[in-house]
Amino acid sequence: WYQRRVAITAGMVIRDRPQKPKLLESLSASETELRPFFRDHEILAEYKLLCNNVSSGVYVVPSLRSIQVWNGVIFIKIGMFAEGCFKFNLNIPDDFPYSRPSLTFITPVFHPQINEHGELNLTKAFPTWTPRKDRIWHLLRYAKRCFFSVNTFDATNSAAAASVQGSIEDYRLQAKLCVQESIRLNYSEEGSKQKDDSTVFNGKYLNDTQLQIVKDKLYKGTLDYSIMFN
């Protein structure tokens, strides 16, 4: 009798115990609706990693229109493209981090691995994109290194590849013309109409006297930064 009573009591307790809500039923949003949230979280994490692994001369900021578009510029100090400033857009796909971003130069670049539309060939360096192993800062570092390499293997710009193979001096001349054009576009009104969110990387050309004034004010902490942009 005692065992029977205990069993009945236990059954009552089990039946009266409140059921835990199922996770899927508690979610008001579908998987499709949540996917952009997780993607944007991954993108923000990538930007934080970029800040901790910055490459010298590479500057990137997210677009004002979309977090999936980053505006950037690469300053080259040595080599055939020395003194050049080359703007680009980094486009992050909807299914990131499972697909590779793409990088397109806005400033014209004559290079075997950059086609006539400005798209950087990433298939050799990143044939597959592994989530959380391949990083955007890896891609940006590779983009800068391309300015110091004229590898023509699997070239996407046949004219540039032919120039390298035909005469390296002719290619040096073409590279110098790219540098001059990048500087001209950076300080001209024509360059301000490019696709880089209100010309965030545009500047004003300063002659030697103006540059020295800026340096002196910078050291004293009295610099008005608008002098360089207006």
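**Entry 1: salt bridges**

I searched the whole structure, which is a predicted model, and the search came back with six salt bridges. I picked a few to look at one by one.

**Entry 2: Arg132 and Glu42**

I started with arginine 132 and glutamate 42, whose side chains meet in a salt bridge at 2.6 Å, N to O. Which parts of the chain does this pair link? I found arginine 132 in the loop between β4 (102–105) and α4 (136–145), while glutamate 42 sits in helix α3 (residues 31–52). They are 90 residues apart, so I noted this as a link between distant parts of the chain. Then I checked how open each partner is. Arginine 132 has a relative accessible area of 46%, so I put it down as partly exposed. Glutamate 42 comes out at 14%, and it counts as buried because the cut-off is under 20%.

**Entry 3: two pairs in helix α6**

Next I went to helix α6 (residues 168–187), where arginine 172 and glutamate 169 are three residues apart. That puts about one helical turn between them. Their side chains form a salt bridge at 3.6 Å, N to O. Are these two buried or exposed? I got 41% relative accessible area for arginine 172, which is partly exposed, and 52% for glutamate 169, which counts as exposed.

Further along I looked up glutamate 181 and arginine 184, which also lie in helix α6, three residues apart, or about one turn. Their salt bridge is 2.8 Å, N to O. Glutamate 181 is partly exposed at 26%, and arginine 184 is partly exposed too, at 38%.

**Entry 4: a network**

I also jotted down a network of salt bridges that links Arg39, Asp40 and Asp94.

**Entry 5: Phe81 up close**

Last, I listed what phenylalanine 81 touches, skipping residues up to four places away in sequence. Among its contacts are Phe86, Val109, Phe110, Phe147, Tyr171 and Cys178. His111 is on that list as well.

Note on methods: Residues numbered from 1 in each chain as written. Predicted model: local features only at pLDDT ≥ 70, side-chain atom pairs only at ≥ 80, totals over all residues. Heavy atoms only, no water. Salt bridge = Lys/Arg side-chain N within 4 Å of Asp/Glu carboxyl O. Helix = DSSP H or I, 4+ residues; strand = E, 2+ residues; numbered from the N terminus. Buried < 20%, exposed > 50% of the residue type's maximum accessible area, 1.4 Å probe, protein only. Contact = heavy atoms within 4.5 Å.
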